[in-house]
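Please open the model in a viewer in which residues can be selected by number.

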Amino acid sequence: MRSTRRRVSRLAPVTDTGAAEEIAAEQRHVDRVYARLEVIKRETAEIEAAGYQIAAAGPPGSLVERDAMVYHAARRRRILDAEHEGLVFGRLDLRGASPDPTSPATGEVRYVGRIGLRDTDAHALVIDWRAPAAAPFYRATPVDPMDVIRRRLIQSSGEVVTGIEDDLLDPDAAPPDMRIVGDGALVAALTRTTGTGMRDIVATIQKEQDEAIRSPALGVTVVRGGPGTGKTAVALHRAAYLLYSDRQRFAGGGVLVVGPSPVFVSYISRVLPSLGEDDVTLASLGSLVVGVEATRHDPDAVATVKGSLRMARVLARAVRDNAPGAPHELRLLYRGTLLRLTGNELSGVRHTLLGGGGKRNAVRPKAAGHLLDALWRQAVSVLGASSVPAREEFAADIAERREFIGFMRGWWPRLRPRDVLRWLADPERTRRYANGMLSGDEVATLSRSLGGDGVSGGDGVSVEDVALLDELDELLGTPPAPPRRHADPFTVQGVREVTTYADRMAAARGVAFERPADYREYAHIVVDESQDVSPMQWRMVGRRGEYASWTVVGDPAQAAWAGDPAETAKARDAALGTRRRSEHLLTTNYRNSAEIFAVAADVVRKTEPDLDLPVAVRRTGVAPRHVVVAPAALAGAVRDATVDLLGEVEGTVGVIATQATRDEVAAWLAAVTDPRLQVVTSLEAKGMEYDGVLVVEPAAILDESPAGRRTLYVALSRATQRLTTVGTDDSWR
């Protein structure tokens, strides 16, 4: 950037008046865009209304025409309604052809925004950021300007342009009267506050990020990078780009974004709608199983056992075992004769049905059939063929008897995943299932963690349990269900509304495309913070991506998962399959100031000096503050430091504590009611970004787990402007 400035001295100097004139010029164009937007919205609404009038008279074909008109008009209206602050956020001044090679000439001017709009003459007023014509806005550099002379970032509040920042990429091609305003688009965007949701970087995506966003749609795109490199933003913008470039495939099949925690999912939840995309499923690792919302994490020792691939074999053995309290034999009177199936015979039936991979709940009717067959053969053997009716009549008689129904409920009950997981609270059962796979200490650790109300529901389920529940759901299968009946959407309190053919067809389409709650056929899956996904969690996510392309985002230096790396790689590769992989490395830390990132980098390099860390590109001149107090003064010091941070930054403040002390720290700050404040654990801080960060007891985070140093590295690298640490022990430094 400095070399660029040395070469632009011949350009017109920019005064405050000149900057104001440039802003006014951009405001005039933005006004045209919003005016045109209102016209198009009005026309779209009129088309939608007209569609309902088409079928008032005419042949049946007009009903289909109406249906199509209404559908497409309504969809267009939703897209147009998605505009908000920053509808137009960029401008490109391109190099034009000149008859004199020594005389520069400017050419086309392109405006870049969230959606594409044209004027009445079909000239582009604004180009959709995902369109190929917008790519130079992100990819052009002084080394490869891609015919861009000036790149301008336009900042707005509502429909009002509040500022502009320019990058001069090709000084030799710039005409003498071209004004260059500000210190550069990227640096300007980095100094803005984050707000309560993830900052939308659509206007400041740089070349290495844009290459990842626009990488081939099929296969696996792997994005690696340290804190602040924009991994998450790249992943979300890639999802929006794929939906734009091939809507039929990706909107039809669905896009799933998996994050590490509910806090993180809430944080990113507004990004895709702001880009005009609302057909994306966001889920945390604790909410992928229907009906479960887990937020609690197990201690590292427990999490390591539950996350290991060995658990898949342990659970597979469990589902083939008898349920607790199951009867060991079947005794039944038939025509005065006792029919009896022994435990060995019952075990043989169970082995026959489950030994070949049968799913327990799904084959339950077959289990009853096998027992009825065995009883019929025994009755024929004892009473003689002439005294026993045909098999079908015999089975119908026995199957309706209360004692047989009661036996089946006890011997082959319909099992829920929670039921089987609760069996592992019994150390003796767990020892049998884990024989040869888990050590004695691991068996004891696992059983203790599942005892009490560990899987009884609600807050008792841990994030690590969710992957086990999903595994068990896969192993148990689903009992055969009767055909699903859909309620008539046009019947209200027993009275059927008057409807048209188009209304009924639209409702039928909605039922046809309705996805089940446990949908598993996504077209694209994004996995963020992938370095912390355990092998069992990879199996869980992989079940939802059999037909999907993938975007996998992570940073090994931030890994909190303490399990076997070889197991993790094996499970990840099984989930991703043999799809072609495209790898992208992000090397620039745009979030942290150099002063803040130096503290974080120093922590992680103490034990891993060879890590390839990103480079922080800006300095603020503000050094992080480190406060050390006596234990009795800790609560007061945390309150004071939090209030100071809220006064120093305009945006959000995150207070990061250990897993064990998060609630206690939140209680200390109960009187601080500023909505910009959020208290999170060291794990919940993953992927988050705040303007100001207060880390409570860094030494305790360091000692919290075997991966404590990496976890502390994450906590210290969440701030964009101010970092404060408060603790009773300064040894972590």
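Select D321 and R432: the two form a salt bridge, their closest N and O atoms being 3.3 Å apart. A salt bridge here is a side-chain nitrogen of Lys or Arg within 4 Å of a carboxyl oxygen of Asp or Glu. D321 lies in the loop between α12 (310-319) and β10 (330-334), and R432 lies in helix α18 (residues 427-433), so the pair ties together parts that are 111 residues apart in sequence. Helices (H or I, at least four residues) and strands (E, at least two) are DSSP runs, numbered from the N terminus. D321 counts as buried at 14% relative accessibility, and R432 as partly exposed at 42%. Buried means under 20% relative accessible area, exposed over 50%, and partly exposed in between (1.4 Å probe, protein chains only).

The model is predicted: local features need pLDDT of at least 70, side-chain atom pairs count only at pLDDT 80 or more, and totals for chains, interfaces and linings use all residues. Residues are numbered from 1 along each chain as its sequence is written, and side-chain values use heavy atoms, with hydrogens and water left out.

**Further salt bridges**

Next, select E474 and K359, whose side chains meet in a salt bridge (3.3 Å, N to O). This pair links distant parts of the chain, 115 residues apart: E474 is in helix α20 (residues 463-476), and K359 is in the loop between α13 (343-354) and α14 (364-383). E474 counts as partly exposed at 31% relative accessibility, as does K359 at 33%.

Then move to E22 and R152, whose side chains meet in a salt bridge of 2.9 Å, N to O. E22 belongs to helix α2 (residues 16-54) and R152 to strand β5 (residues 148-157), so parts 130 residues apart in sequence are tied together. E22 is buried, with a relative accessible area of 13%, and R152 counts as buried at 0%. The count of salt bridges comes to 51.

**The six-stranded sheet**

Display the strands β9-β8-β14-β15-β7-β16, which in this order form an open sheet of six strands with parallel pairing. Two strands pair if DSSP finds at least two bridges between them. The edge strands are β9 (280-284) and β16 (581-586), each of which pairs on one side only. From one strand to the next the twist averages 15°; axes are lines fitted to C-alpha atoms, for helices over the stretch in contact, and angles run from 0 to 180 degrees between N-to-C directions.

Zoom in on β7 (residues 220-225), which pairs with β16 in the parallel sense over six bridges. Here G225 stands opposite L586 in β16. Contact means heavy atoms within 4.5 Å. Helix α22 (residues 535-542) also packs on the sheet, touching β14 and β15, at about 150° to the direction of β15.

**The five-stranded sheet**

Now display β19-β23-β22-β20-β21, the order of strands in an open sheet of five with parallel pairing. At the edges stand β19 (625-628) and β21 (677-681), each with a single partner strand, so one side of each is left without a neighbour in the sheet. Four bridges join β19 to the parallel strand β23 (residues 719-727), where the bridge partner of V627 is V726. Helix α25 (residues 634-648) lies across β19, β20 (653-657), β21, β22 (690-696) and β23, running at about 165° to β23.

**Helix α28**

Finally, select helix α28 (residues 708-716): eight of its nine residues are buried, so it is largely enclosed by the rest of the structure. These buried residues pack against α24, β20, β22, α27 (698-703) and β23.

Which residues does T711 contact, leaving aside its neighbours within four places in sequence? They are A560, S682, I701 and S705. T711 lies in helix α28 and counts as buried at 4% relative accessibility. T711 and I701 are 10 residues apart in sequence and 7.1 Å apart in space, C-alpha to C-alpha.
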